[in-house]
Structures are given as C-alpha cells and as structure tokens.
Amino acid sequence: MSSKLLTIENLTVSFDGFKALNNLNFSMDAGELRVIIGPNGAGKTTFLDTITGKTQPTQGTVHFKGKNLAKFKEHTIAKMGIGRKFQTPRVYLNLSVRENMTLAHHKHKTLFKTLFPKSHWGDKDAIAQLLETVGLLGKANSPAALLAHGEKQRLEIGMLVAQSPDLLLVDEPVAGLTDEETEKVGNLLIDLAKDHSILVIEHDMEFVRQIARKVTVLHEGSVLCEGTMDEVQTDRRVIEVYLGQQDE
Amino acid sequence: MSPLFKGARGIEFPIASILICFNSLEDPAVWSALVDGLFSGVSIGSVLLLSALGLAIVFGLMGVINMAHGELMMLGAYTTVLVQGSLKGTPLFEGYIFVALIAAFVVTALFGLFLERTVIRYLYGRPLETLLATWGVSLMLQQFVRSVSWQFVIGTTIAVALFLVASLGLNRIPFKFRNLSKAGIGLVAGTIALQVSNALGTMYGLAMTKPWFGAQNQDVTAPQWLRGGLKLGFVDNVQFSYVRIFIVFLTVICLAAVYFFLNRTQWGLRIRAVTQNRSMSSCLGIPTDRVDALTFAVGSGLAGIAGCAVSLLGSVGPNTGQNYIIDTFMVVVVGGVGNLVGSVVAALVIGMSSYLYGTFAGQIGFIQDLSKTIGIDLGAQTMAKVVVFALIVVFLQFKPGGLFPQKGRTVDA
Amino acid sequence: MQTLAKKPPVNSTLPKRSRSRLLIETAIVIAIAIAMMTIVPGVLNAIGQSFRVGLLGRFMALAIAALGIDLIWGYTGILSLGHGLFFALGGYSLAMFLQLQPALGGTGIQMPDFFVLYGVTSLPWLWQPFESLPFTMIAIVLIPTIVAAVLGYLVFRNRIRGVYFSILTQAALIVFFNFFNGQQKLINGTNGLKTDTTYLFGQVMSGPVMQANFYYLTIVLLALAYALCRWLTSGKFGQLLVAIRDDEPRVRFTGYDPTVFKVLVFAVSAGLAGIAGALYTVQSGIITPKAMDIAFSIEMVIWVAVGGRGTLVGAVLGTLIVNFARSLLSEQYPAFWLFFQGALFLAVVTVLPDGFVGWFKTSGVELLRQLSGKSKVSTYPSLANNPDVTYEQQAIDDRKSDG
C-alpha cells in the first residue's frame with residue numbers, strides 16, 4: 001500500500017437500490033487538513049459512516065493506514081485511530097465536562113482496564129490542558145447538559161482530540177454557531193491540524209475559506225472535483241451543481 | 001394423540017421423520033393429522049395476529065409498548081360477556097357476537113383514547129417509562145374487573161367528582177402550595193367517598209357490594225350457529241370448529257380493514273407519515289398529537305376485538321389478558337416495526353411452530369431419546385414456549401431488526 | 001435512614017471524592033448495619049411487632065436484587081423485566097441443596113419427598129452437584145450470572161436495545177416460568193420446593209436461631225452488595241455506564257465496546273438477584289415458579305423507581321418503603337393493593353420520575369429551606385425549563401433511532 005493515511009477505492013453504498021455513494025475514489029495524506037463540501041444528499045455523512053464502520057460498503061474498499069476496514073466494528077476502528085465528531089454535538093449529558101473528557105482520554109478502553117484504571121501522572125494535566133484549549137476549563141465540573149450549544153461543539157471536539165486519533169473526522173463543526181464561535185472553532189481546527197490529520201465536512205463557505213487548504217467536492221455520491229478553494233470555486237461543474245451560488 | 005409420527009419412532013433425526021410422513025401421504029390418518037395440525041396452527045396464529053395487530057400499530061407509530069394491551073383485550077372480552085347477558089332471550093341473541101364486536105371495539109377504543117390523553121401523551125420519547133406506566137394501568141384494570149360493584153362505581157364517581165370540583169376551584173386562585181393542597185384534597189375526597197360507599201354498602205347490603213364479575217371466570221357461550229364444526233369429506237376424523245374458522249375470518253377482515261385504513265384513507269396517510277418522520281410531519285402541518293390519539297384508540301379498539309374473539313375460545317377472567325401478552329410481544333419483535341406483513345408472517349410462524357412442537361414433539365424419537373439422556377422432558381407441552389423462544393433468540397442473531405426491518409438512513413445531511 | 005439519604009449521589013458532578021469522605025460513608029454504612037442488627041429487632045420486639053423483623057429481613061434480601069436493578073436500569077439505562085428469573089435461579093439452587101439434607105440425626109442425603117411421590121428413584125444428574133454446600137454457594141451466584149451473561153451477550157451483541165430488550169427479558173422469564181411449572185418430576189412443578197422443615201447444622205430452618213442468623217447474614221450481604229455497586233458506579237466504570245445510558249453509539253465511536261460492559265453489568269445484577277433469591281427463599285420457607293411471575297419482576301423495577309433510580313440508597317430505601325407499604329395495605333385492604341400499586345407505577349413515572357431520593361435532592365431541600373424560613377437560593381434555570389436542554393433532549397430522542 002501507499003503511504004496514504006486513508007485510501008478509498010470504488011466505494012459504493014446503496015440503500016435499497018438508492019446509491020448514497022457511487023463508485024467514489026478518495027485519498028488523503030497523513031497530516032492533511034481536508035475539507036469536503038457538497039450539496040444536500042451528496043453523501044457526505046454516509047461517507048463518514050462508511051469510514052467509521054457504521055455503514056458497511058456495498059462495494060469497494062476503505063483502507064486506513066494500509067488496513068482494510070471492511071470487517072471491523074465501530075469501536076475497533078475508533079481504537080485504530082479514527083475519531084469522529086457528529087453533526088449535532090453528542091456528549092454525555094449526565095456527566096461533567098471533565099468526566100466526558102476523561103472517558104475519551106482513557107487509553108485502554110477494555111473492560112478490565114476500565115474497572116481497574118491506573119491513573120498516570122500527566123493524565124490530569126493533559127485533560128486540563130485540553131479543556132483549556134477548547135476553552136472549557138472554567139466549566140470542567142458542571143454537567144455537560146448545562147453547556148450551551150457552541151460549548152458542546154467545542155467539548156466534543158475536545159473529546160475527539162483527547163482520544164488522540166490519527167485521523168479526525170469532523171462533521172459540520174460550526175452548524176448553529178454564531179460567527180464569533182465559528183471563528184473560534186476554525187482557529188481550533190487549524191491549531192489541531194499542526195499535528196493531526198483532519199477531515200472536515202462543512203456547509204459554511206466562509207468557514208471553509210478560513211480553514212481549507214485542499215477541498216473535495218462531493219456530488220451524488222462521487223467526487224466531483226478536488227483542489228484548492230480557489231480552483232474549486234472557479235470550476236464550472238461545481239458552479240453548476242451549486243447553481244452559481246459560489247461566484248458572489 | 002396423533003399417529004403422525006408413528007412410523008418414525010426411533011429414527012434419530014426429526015427431518016427424517018418428517019420426510020417419512022410425506023412419503024406416507026396415501027395414509028389417510030397422516031393426512032388428517034397434517035390438515036388438522038395446519039388448521040390449528042393457522043387458527044392459533046390468527047388469534048395471535050389479531051391480538052398483536054393493535055400492539056404492532058401502536059408500537060410502530062409511537063414506539064410505545066402498551067403493557068395494558070392484554071387488559072384491553074380483557075375489557076373487550078368482558079364487554080362481550082355483558083352484551084351476551086343483556087341480549088339473552090331477545091331475538092337478537094343469535095347475532096349477539098356482531099353487536100359484541102362493535103361494542104368491544106368502541107369500549108376499548110374509548111378507553112384507549114382516555115389512556116392516551118391522560119397518561120401516555122406525557123411520556124412520549126420515554127418508552128421505558130411508558131412501559132411501566134401502562135403496566136400500572138394493567139394492574140388497575142385487573143383489579144377493577146375483580147372488584148367492580150355498584151358500591152365501587154358510586155364511590156369512585158364521588159371521589160373523582162369531588163376532586164375535580166375542588167381542584168377546579170383551586171386553580172382559580174393563585175396559591176403557593178397548590179400541588180400539595182391538591183394531594184390533600186385527593187385524600188379528603190377519597191376518604192369521603194370511602195365513607196359514603198361504606199354507608200351505602202351497609203344500607204343496601206349485597207345489592208351494592210356484590211361484585212359484578214368477581215375473581216371467578218365468566219363463560220361466553222358461542223351462538224348456535226358457531227357451535228360444532230365443519231367436517232371435510234376427504235379426510236376422516238378432522239373437524240374444523242366453526243368458532244376457529246370465524247376467528248380466522250375475523251382476523252382476515254380486520255387485517256384488510258387496517259390495511260385499507262392505513263393505505264387508502266386520509267388519516268391512514270397521516271399515520272404513515274408520522275411513523276416515518278415525526279418532526280417532518282409536524283412541520284407539514286399534520287396534527288401529530290391527534291394522529292397519536294387516533295392511532296392509540298384504533299390499536300386499543302383492535303385489542304377489544306381480539307378480546308371478543310378470545311372470549312369464544314375459553315372462559316373470561318381477570319387474567320385473560322396476561323395469557324396473550326408475551327406471545328403478542330414476540331410477534332412484534334419478530335415481525336419488525338411498522339410492517340403489517342412482518343406481523344402476519346411472524347404470527348403465523350410462531351403460532352404454527354408452538355402448536356406443532358407442543359403436539360408432536362413428544363412423539364419424535366429423537367426428542368424422546370434426548371429427553372432421556374439429559375433427564376428433562378423435552379416433549380412436554382410447556383417446552384413448546386421454551387423452544388420457540390430459543391428459536392426467536394437464534395433468529396434475532398441473524399435479523400436483529402426483525403423480518404422486515406426499517407432500512408436506510410433516517411436523515412441525510 | 002435519614003443519614004443514609006443525605007449521602008452524596010454517585011453520579012454527582014463533584015470532583016473525585018476524597019478519601020476521607022469514602023471513610024465517612026463506610027462508617028455510616030457499618031453503623032446503620034449494626035443498628036439494623038441490634039437496635040431495630042429489639043425495638044420491634046418491644047412494641048410487639050416481632051413478625052416485622054422477619055419481614056424486614058426478607059425485604060432487605062429484596063433490596064439486594066433492587067441494587068442490581070438500579071445498576072442496570074438506573075445507571076446503564078437498560079430495563080430488565082426478567083430479574084425474577086435470576087432471583088428464582090438463586091432461590092432454587094439453595095432450595096435444592098436444602099431438600100437433599102437428611103432429617104435430624106440422619107446422615108448422607110435424602111431423596112426429596114416429591115421424588116418419592118412421582119416415583120423417581122435415582123437422583124437426576126441436575127440435582128447431584130447440589131449435594132455439596134460449596135458448590136451450592138457458588139451456584140447461587142454463578143448460575144444466574146452465567147444465564148444472564150449468555151442471554152445478554154446474544155441480545156446486546158446485535159444491538160437490541162430499549163423496549164426490545166425489556167420484552168425479550170420478559171419472554172425469557174415466561175419461558176423459564178413455563179419450564180419450571182411443567183417439570184414436575186424434576187423440580188416439583190407448580191408446588192415449588194419447601195425449605196422450612198429442613199434441618200441444617202442441627203437447627204430447623206424456620207426456627208428462631210436460623211432465622212436470626214439469616215437476618216444478620218442478609219444485612220451483611222446487603223452492605224457488601226452496596227459496597228460492590230458503589231465501587232462499580234464510581235470511577236471510570238461508573239462514568240462509562242452513565243455514558244452508555246446517555247449515548248451508546250457515541251461510546252462506540254470513542255473506542256469502547258459497549259457490549260462487554262453491558263453484559264458485565266447485566267450479569268452482575270443477575271448475580272445479585274440470585275443472592276437475593278436465595279436469602280428470600282430461606283426466610284420465607286419456599287420457592288415456587290411464582291417468583292418468575294411477570295408482575296414480581298416489574299415490581300422490582302418500581303421499588304427502584306420509587307426510591308430514586310441512579311442512586312443506590314434510593315434502591316434500598318424504595319424496596320423497604322414499597323414492601324412495607326404493601327404489607328400494611330394488603331393487611332388492611334387486600335382488594336385495593338393492586339389499585340395502589342398501579343397508581344404507584346403511574347405516579348412514580350409521571351410525577352416523581354427521580355423517586356424520593358431524587359425529589360429530596362431537588363425539591364425536598366428547597367421545601368426544608370422554605371419551611372425553615374430561609375429564602376430560596378436562585379440557581380441556574382431549572383433544567384426542564386431550559387429550552388436548550390429540551391432541544392438537546394429531543395435531538396437525542398430523534399437520533400436514538402439511527403444508532
């Protein structure tokens with residue numbers, strides 16, 4: 001296999017004959033920050049579902065670090081180093097912010113090691129540092145249920161990082177956020193991209209412009225085109241798909 | 001005892017014995033046993049289906065498992081008892097069963113409506129709590145039919161009326177400890193009602209205190225034209241009881257009616273829409289709460305019809321509902337959510353297999369030998385449920401979502 | 001009991017409890033246990049309610065089962081309606097051992113009476129291991145645990161959750177109920193196994209000496225069960241259970257396999273039910289398939305709900321409250337108990353979803369403040385009225401379907 005972090009070949013996923021993904025080819029280098037855009041129904045979320053093992057491919061393969069992911073379950077794939085943030089923030093509402101982080105940060109996610117955890121020096125500091133990074137240190141002990149929407153988004157990103165995956169899949173991290181919050185999250189992602197590979201799915205073009213280096217456009221389950229933001233924006237097919245919305 | 005597997009004794013494998021019995025189809029005894037078994041299976045399956053139909057609709061739409069479904073059936077059965085009693089001696093008696101069917105539907109549907117409006121409505125999105133609450137309702141219903149008497153009815157009416165009047169009055173004035181006071185009023189109203197009904201009891205004696213039904217079972221006698229059975233010319237010794245044929249027909253009619261209602265009417269369309277996507281339907285202006293109420297009422301009404309049918313098969317008691325509830329749950333689990341075909345297939349398969357196992361397993365050599373080896377009588381009638389449950393668990397290993405699971409993604413980004 | 005109720009909730013948002021608080025809690029539990037052993041029976045005997053001591057012993061046995069239910073339902077969000085099965089398996093294990101005990105002065109084992117009645121001459125293999133006391137002791141815990149683990153694995157593996165799981169446990173219960181009812185020659189069918197006339201260590205089981213010992217044993221085991229659940233529900237494991245309850249798919253995507261955790265919790269709670277069943281059986285003198293009645297298993301859930309799910313203290317308190325209420329009410333108005341019980345189900349679910357302990361923690365404290373004249377401390381807007389929270393809760397409900 002190549003040195004690519006993630007390679008997807010001829011991926012097709014169909015639900016009762018409807019092809020959510022259609023013969024999709026995609027690859028990503030280690031250390032890349034990639035943004036995927038595409039109109040509604042382009043298959044963006046199914047794309048993530050397939051990588052994380054929630055949906056099984058009908059055809060084609062997904063290779064992560066050279067391993068075929070077809071036979072693995074979600075939690076194994078997560079352990080292999082793929083972390084995922086959902087579209088709506090999903091945190092454990094009845095646990096405190098710190099507990100949320102601790103669970104994600106916990107290194108050995110087996111039954112035994114969870115029952116008899118060894119506390120490492122540095123775990124606490126690492127978690128505190130992460131909380132600091134996502135700006136939630138002040139609320140570390142309040143239940144996640146009391147966080148505002150934007151705070152939950154940031155907490156989930158923090159949990160994702162705490163998992164220390166090799167690849168972060170981030171689904172619409174700024175949906176429902178204010179402009180100010182959006183910028184915060186953007187900076188956070190750019191910061192993280194220094195030492196993580198990140199795949200972001202996003203609708204918000206301003207935001208995409210802020211963070212994107214390389215953009216992939218999905219349309220009807222296939223890759224329409226790939227390139228820098230400027231290249232993509234001037235691509236005729238993309239403009240067609242988006243009905244000219246992009247050339248403001 | 002059927003001679004179906006007589007020739008198969010001692011053969012080690014059940015499949016082999018079944019093959020042998022197919023080879024001996026010329027033997028009329030085998031024929032009759034086969035036809036009899038098939039009919040009984042279908043008949044049991046159709047009772048199951050009839051009872052599961054309402055449950056499946058309610059569960060499919062609202063994700064609510066109604067633990068009181070069995071007790072709604074029991075209400076339907078008791079309604080039948082009442083209708084039968086009141087039509088006795090009138091020319092209508094021969095057709096009482098049709099009156100009873102309608103009455104049972106109406107009574108249980110109204111009760112279902114009441115239940116939905118007062119309890120279940122507040123518990124949407126909390127399926128486990130709904131389960132517990134409906135169980136509470138089922139307990140109360142069981143005790144209700146045991147102890148309902150004039151004294152009881154009058155006492156309850158007084159308590160409820162007092163409480164309602166007092167709380168209405170209380171609602172008008174702003175007051176700090178309103179809930180606490182309401183609880184107090186409830187207690188006072190209960191005490192007054194208890195005293196009054198006790199006084200009534202001592203004044204009028206048995207006329208007041210005698211329970212209408214009591215704990216003992218009530219008998220429903222089928223009308224003349226449903227007694228006996230249909231003899232088939234080409235097989236001996238087999239009689240299809242008219243009651244069971246009637247139930248099979250009733251099931252088919254109910255199924256067709258439900259299908260028509262769901263697929264061909266305005267409200268059916270709304271119900272299906274809400275089943276698929278509740279929030280979207282609500283955005284489109286479908287009154288989801290009225291859809292819920294209607295669905296629950298229809299589901300409950302179907303339970304009433306099932307209860308009416310069941311009352312023809314045996315006596316009716318406070319525990320009638322309990323006998324059916326688990327099997328009907330299994331039908332829903334195996335059939336999958338929100339799919340009538342799944343429920344039909346599941347009901348027939350479960351009905352057939354439990355009947356066939358219960359009747360014939362004891363005569364299969366393989367099972368007899370196995371029973372001897374492990375010291376447990378696998379052929380006993382009660383083992384049928386054990387085996388069927390084991391099969392269901394095995395089945396769920398391959399199809400966790402039931403026969404016809406809902407597919408695809410719920411929402412696309 | 002009041003001191004018990006004041007203990008901090010397990011899933012509180014406080015930072016890690018300090019060592020000293022753990023010591024205090026241990027001291028409180030031990031103090032209560034000793035009080036239950038010494039003072040309470042004395043007081044009850046003094047006021048002429050000696051039979052209530054026996055009831056208390058039984059109810060505390062039931063509380064052990066309730067702790068198990070709380071573990072899976074209160075913390076992990078899995079509603080089992082089949083715990084009567086594990087209760088009965090524990091009870092039957094011990095009863096089978098006792099049935100084999102020789103009459104006073106006899107040696108070896110004795111064939112149970114009903115075997116003679118049904119013409120069974122040799123001990124079935126199923127019974128043979130129960131000649132041994134150590135095996136029986138292990139079996140009381142291990143048989144329910146294994147049954148639960150197997151059933152749980154088969155069900156959880158396929159991500160069957162929510163009401164589906166509840167229904168399946170109920171079906172399993174009914175299946176075993178039928179099985180035990182139907183096997184007359186094996187375990188005496190509907191009549192069940194009696195344990196009260198057996199002699200063990202030269203004492204008759206129903207005698208005061210034995211019963212007092214069982215009373216003490218129950219208290220010790222209840223305390224131990226409490227300690228076990230306390231350990232399980234605090235720390236990472238406890239947090240993970242709550243996480244599974246809140247959002248199981250998320251747990252999966254974080255890299256944990258929820259199946260093994262759920263199987264473990266289900267098995268542990270079954271083991272606790274088994275112990276409870278054994279203790280209850282020896283104190284009531286008989287175990288019959290009635291223990292696998294649907295109603296009994298659902299009742300266990302309501303004990304926990306009344307006390308307050310998600311709090312271990314609530315599970316214990318709820319069991320004692322409901323069962324004493326039951327024994328009082330059914331003495332007074334036998335016909336009305338089912339109405340009360342039904343109303344209890346409705347009331348707890350609709351009005352008091354967090355049970356007494358939950359109510360005490362929120363409104364109860366408030367009420368005390370008001371009554372003592374102190375003004376209400378204004379806090380963060382109550383969770384239920386917070387639109388953001390409601391929105392999120394709906395979001396959770398919506399996505400539960402696509403896990």
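Predicted model: local features only at pLDDT ≥ 70, side-chain atom pairs only at ≥ 80, totals over all residues.
Visitor: Which element of chain A has the lowest confidence, and which has the highest?
Guide: Chain A averages a pLDDT of 82, and 95% of its residues score at least 70. Confidence is lowest in helix 4 of chain A, at a mean of 77. At the highest end, with 89, is strand 8 (residues 197-201) of chain A.

Visitor: Which residue is the bridge partner of A:Phe64?
Guide: Look at strand 4 (residues 59-64) of chain A, which runs antiparallel to strand 5 of chain A. The two are joined by 2 bridges. In strand 5 of chain A, the partner of A:Phe64 is A:Lys67.

Visitor: How many residues of strand 9 of chain A are buried?
Guide: Strand 9 of chain A covers residues 214-219 and pairs in the parallel sense with strand 3 (residues 33-37) of chain A, over 4 bridges. It also pairs with strand 10 (residues 222-227) of chain A, in the antiparallel sense and over 5 bridges. Strand 9 of chain A is mostly covered, and of its 6 residues the number buried is 5.

Visitor: Which residue stands opposite A:Val215 in strand 10 of chain A?
Guide: A:Val215 belongs to strand 9 of chain A, where it is the bridge partner of A:Val35. Towards strand 10 of chain A, the residue opposite A:Val215 is A:Gly227.

Visitor: In the hairpin of strand 9 and strand 10 of chain A, which residue takes a positive phi?
Guide: This hairpin has 2 residues between the strands. The strands themselves pair in the antiparallel sense. The residue with a positive phi, near 45°, is A:Glu220.

Visitor: Which helix of chain C gives the most to the side that touches chain A?
Guide: The contact takes 28 residues from chain C and 31 residues from chain A. Helix 10, helix 11, helix 12 and helix 17 (387-400) of chain C each supply at least two residues of the chain C side. That side divides into 14 nonpolar, 6 polar and 8 charged residues. With 8 residues, the helix that gives the most is helix 10 of chain C.

Visitor: How many helices and strands does chain B have?
Guide: Chain B has 413 residues, and buried residues make up 42% of them. Among contacts in chain B between residues at least 6 apart in sequence, 75% join residues at least 24 apart. Its secondary structure comes to 16 helices and 2 strands.

Visitor: How many residues of domain 1 of chain B are in contact with domain 2 of chain B?
Guide: Domain 1 of chain B takes in 6-148 and 211-398, while domain 2 of chain B is 149-210. On the side of domain 1 that touches domain 2, there are 3 nonpolar, 1 polar and no charged residues. Domain 2 of chain B brings 4 residues to this contact, and the number from domain 1 of chain B is 4.

Visitor: Which helix supplies the largest share of the side of chain B that touches chain C?
Guide: The contact takes 39 residues from chain B and 44 residues from chain C. Helix 5 (127-147), helix 13 (320-335) and helix 16 (383-398) of chain B each supply at least two residues of the chain B side. By class, that side has 25 nonpolar, 10 polar and 4 charged residues. The largest share, 14 residues, comes from helix 5 of chain B.

Terms used. Residues numbered from 1 in each chain as written. Chains lettered and ligands numbered in written order. Contact = placed C-beta atoms within 7 Å. Nonpolar A, V, L, I, M, F, W, Y, C, P; charged D, E, K, R; others polar. Buried ≥ 20, exposed ≤ 12 C-beta atoms within 10 Å, placed from the backbone. Domains from an automatic or database assignment. Pairing = 2+ DSSP bridges. pLDDT = per-residue confidence, 0-100.
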